Amino acid sequence: MITLKTIIVNAPAELREALDAIAGDKALIDRCAGFRPGAIDNTTASAKHTLRALAKRWLFLNDEIVEHDKILRELTEAVAPTLLDGFGIGPDTAAEMLVLFGDNPERIHSEAAFAKLCGAAPIPASSGLTSRHRLAFGGHRQANAALYRTVIVRMRFHQPTIDYVARRTAEGLTKREIIRCLKRYIAREIYCELTRLPLDAP
């Protein structure tokens with residue numbers, strides 16, 4: 001998508017202005033995929049040919065992602081059916097947590113250990129009269145990224161989280177500190193769900 005939009009910026013003015021008027025990435029992709037550039041004997045035809053190729057590639061990859069997500073959802077629901085009920089926890093996040101949990105059973109002996117393994121455990125970083133914490137920079141980076149995606153979704157669409165962010169911002173916390181707190185909360189939520197799985201779960 002970034003490459004396609006870069007081509008549009010550098011396209012001939014008439015083509016660029018026509019595409020700039022289209023609202024939404026999907027509508028833009030559909031329009032570019034439908035181009036019929038004809039003979040490549042001018043810059044407009046060349047730009048249309050490139051945009052058409054990029055748009056078709058985007059559509060192919062999008063269909064592939066949808067298919068993979070469908071399979072991933074079926075697999076995660078079979079193992080942990082309630083994990084996907086959490087707001088903002090999609091099949092990719094659920095699968096990442098199940099892999100982490102299954103690969104490290106001897107290290108996850110408590111909720112705090114799980115948070116530390118996810119890189120979501122707070123570390124004191126106070127100085128002088130300032131009392132604050134920061135996230136541990138270690139841990140499983142993919143699990144930490146999965147927590148971050150869930151946090152961002154909740155900060156945008158989940159009303160209780162939006163209210164929490166507003167309250168903590170009024171208390172003087174930075175956005176980074178609020179995200180740290182939310183990561184820790186979601187790690188606790190996921191750990192509670194995973195520990196409810198039956199002992200013979202695959």
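Tutor: Start with a definition: buried means under 20% relative accessible area, exposed means over 50%, and partly exposed is in between, with a 1.4 Å probe and protein chains only. Of the 202 residues of the protein chain, 33% count as buried. The model is predicted, so local features need pLDDT of at least 70 and side-chain atom pairs count only at pLDDT 80 or more, while totals for chains, interfaces and linings use all residues. Residues are numbered from 1 along each chain as its sequence is written, and side-chain values use heavy atoms, with hydrogens and water left out.

Student: How many helices and strands does the protein chain have?

Tutor: There are nine helices and two strands. Helices (H or I, at least four residues) and strands (E, at least two) are DSSP runs, numbered from the N terminus. Along the sequence the pattern reads α-α-α-α-α-α-β-β-α-α-α.

Student: Why does leucine 84 count as buried?

Tutor: Its relative accessibility is 11%, and the limit is under 20%. Therefore leucine 84 counts as buried. Leucine 84 sits in the loop between H4 and H5. Leaving out residues up to four places away in sequence, leucine 84 touches Arg73, Thr76, Glu77, Ile89, Gly90, Pro91 and Ala94; contact means heavy atoms within 4.5 Å.

Student: What makes threonine 93 buried?

Tutor: The relative accessible area of threonine 93 is 2%, which is again under 20%, so threonine 93 is buried. Threonine 93 belongs to helix H5. Not counting residues up to four places away in sequence, threonine 93 touches Ala146, Arg149 and Thr150.

Student: Why are the buried residues of H3 said to line one face of the helix?

Tutor: In helix H3 (residues 25-33), the residues Leu28, Ile29, Cys32 and Ala33 are buried. Seen down the axis of H3, they fall within an arc of 130 degrees, so they line one face. The arc is that of the directions from the helix axis to the C-beta atoms. Helix H1 (2-9), helix H2 (13-20) and helix H4 (43-79) are among what covers these buried residues.

Student: Why are H7 and H8 called roughly perpendicular?

Tutor: Helix H7 (residues 141-157) and helix H8 (residues 159-170) pack at about 90 degrees, with axes 6 Å apart. Axes are lines fitted to C-alpha atoms, for helices over the stretch in contact, and angles run from 0 to 180 degrees between N-to-C directions. Under 35 degrees counts as roughly parallel, over 145 as roughly antiparallel, 65 to 115 as roughly perpendicular, and the rest as oblique. H7 is therefore roughly perpendicular to H8. In this contact, Arg154, Met155, Arg156 and Phe157 of H7 meet Gln159, Thr161, Ile162 and Val165 of H8.

Student: What makes a group of residues a nonpolar core?

Tutor: A nonpolar core is a set of buried Ala, Val, Leu, Ile, Met, Phe, Trp, Tyr and Cys residues joined through side-chain atoms within 4.5 Å. The largest one has 27 residues, and Leu83, Met97, Leu100, Phe114, Cys118, Leu147 and Ile190 touch the most other members. H9 gives the most to this core, with eight residues. Isoleucine 190 touches Leu83, Ile89, Met97, Phe114 and Leu147, not counting residues up to four places away in sequence. Apart from this core lies another, of 13 residues, including Ile8, Ala11, Ala33 and Ala47. In soluble globular proteins, nonpolar side chains tend to be buried together.
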